[in-house]
Amino acid sequence: MAGLVAVTAVIAGVLGHLVPISASASASPAASLRASPGAPRGAPGEADGVVRGGTTVFDDSAPTVARLDPELLKALRRAAVAAAEEGVEFSVNSGWRSPRYQDQLLRKAVAEYGSAEEAARWVATAKTSPHVSGDAVDIGPSRATAWLSRHGAAHGLCQIYENEPWHYELRSEAIGHGCPRIYADPTQDPRMRQ
């Protein structure tokens, strides 16, 4: 019994450094895993794409921004400049992620949602995630995502999933034709079925 108590205390201590994933409309699952000096050893860090607070689309020192697809990054920066003219600032809650970080997010989502099927509504595998390829960005705060929902298509930036108002990807054709149909969640996206 004492051994079980000791193991439970160690697990609680390790997990105490992690913030649970939240499915709130204002933050992506990755936003709840900010870089922290108290993170457990071996946990993904900034080099894996973990975001430190205050990261913007102009922060070339952050791998989560610097490793985004160059065309996506150009579109984000153009949109951020236009939004700033209206007093709206973009924060990057998540951008590029290493496969290791993506795997960690998926494990946490499975633990939180109780099954791989339910977790798939929020977090893709490292093999299918557009974050791992640098083709997706999670933007905040909600004022920025509201601005993007109104003006993003003019910059080629489209919300892809209805349940993730923070998740944007580059769709250059949207500039002249508007954004494509939005999926209810990632499980409806054919790219996630690989």
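**Exercise 1.** Is Arg121 buried, partly exposed or exposed, judged by relative accessible area?

*Solution.* The structure is a predicted model.
Step 1. The relative accessible area of Arg121 is 26%.
Step 2. Buried requires under 20% and exposed requires over 50%, so Arg121 is partly exposed.
Step 3. Arg121 forms a side-chain salt bridge with Asp185, at 3.1 Å from N to O. This pair links distant parts of the chain, 64 residues apart: Arg121 belongs to the loop between helix H5 (116–119) and S2, and Asp185 to the segment after helix H7 (174–177).
Step 4. Asp185, at 7% relative accessibility, counts as buried.

**Exercise 2.** Determine which parts of the chain are tied together by the salt bridge of Asp138 and Arg97, and classify both residues by accessibility.

*Solution.* Step 1. The side chains of Asp138 and Arg97 meet at 3.3 Å, N to O.
Step 2. Because Asp138 lies in strand S2 and Arg97 in the loop between strand S1 (91–94) and helix H4 (99–113), the bridge ties together parts 41 residues apart in sequence.
Step 3. Asp138 has a relative accessible area of 1% and is buried; Arg97, with 5%, is buried as well.

**Exercise 3.** Carry out the analysis of Exercise 2 for Asp60 and Arg77.

*Solution.* Step 1. The N to O distance in this salt bridge is 2.3 Å.
Step 2. Asp60 is in the loop between helix H1 (2–15) and helix H2 (63–66), and Arg77 is in helix H3, 17 residues apart.
Step 3. Asp60 is partly exposed at 47% relative accessibility, and Arg77 is partly exposed with a relative accessible area of 21%.
Step 4. For the whole structure, the search finds 11 salt bridges. Elsewhere, Glu169, Arg171, Asp189 and Arg191 are linked in a salt-bridge network.

**Exercise 4.** Which elements give two or more residues to the largest nonpolar core?

*Solution.* Step 1. This core has 21 residues, and those with the most contacts inside it include Leu76, Phe90, Val137 and Trp147.
Step 2. The contributing elements are helix H3 (70–84), strand S2 (137–140) and helix H6 (142–151). H3 supplies the largest share, seven residues.
Step 3. Beyond its neighbours within four places in sequence, Leu76 contacts Val57, Leu68, Phe90, Val137, Ile139 and Leu157.
Step 4. A second, separate core of nine residues includes Val50, Leu106, Ala109 and Val123.

**Exercise 5.** Describe the second largest pocket by volume and lining.

*Solution.* Step 1. Its space is about 150 Å³.
Step 2. The lining of this pocket has 11 residues, with Ala120, Ala124, Thr125, Thr128 and Met192 nearest the centre.
Step 3. Seven lining residues are nonpolar, four are polar and none is charged.

Terms used:
Residues numbered from 1 in each chain as written. Predicted model: local features only at pLDDT ≥ 70, side-chain atom pairs only at ≥ 80, totals over all residues. Heavy atoms only, no water. 1 Å grid on protein atoms, 1.4 Å probe; cavity = no way out; pocket = protein on both sides within 12 Å on 5 of 7 lines; lining within 4 Å. Points joined across faces, edges and corners; volume = space filled by probe spheres on them. Nonpolar A, V, L, I, M, F, W, Y, C, P; charged D, E, K, R; others polar. Core = buried A, V, L, I, M, F, W, Y, C linked by side-chain atoms within 4.5 Å. Buried < 20%, exposed > 50% of the residue type's maximum accessible area, 1.4 Å probe, protein only. Helix = DSSP H or I, 4+ residues; strand = E, 2+ residues; numbered from the N terminus. Contact = heavy atoms within 4.5 Å. Salt bridge = Lys/Arg side-chain N within 4 Å of Asp/Glu carboxyl O.
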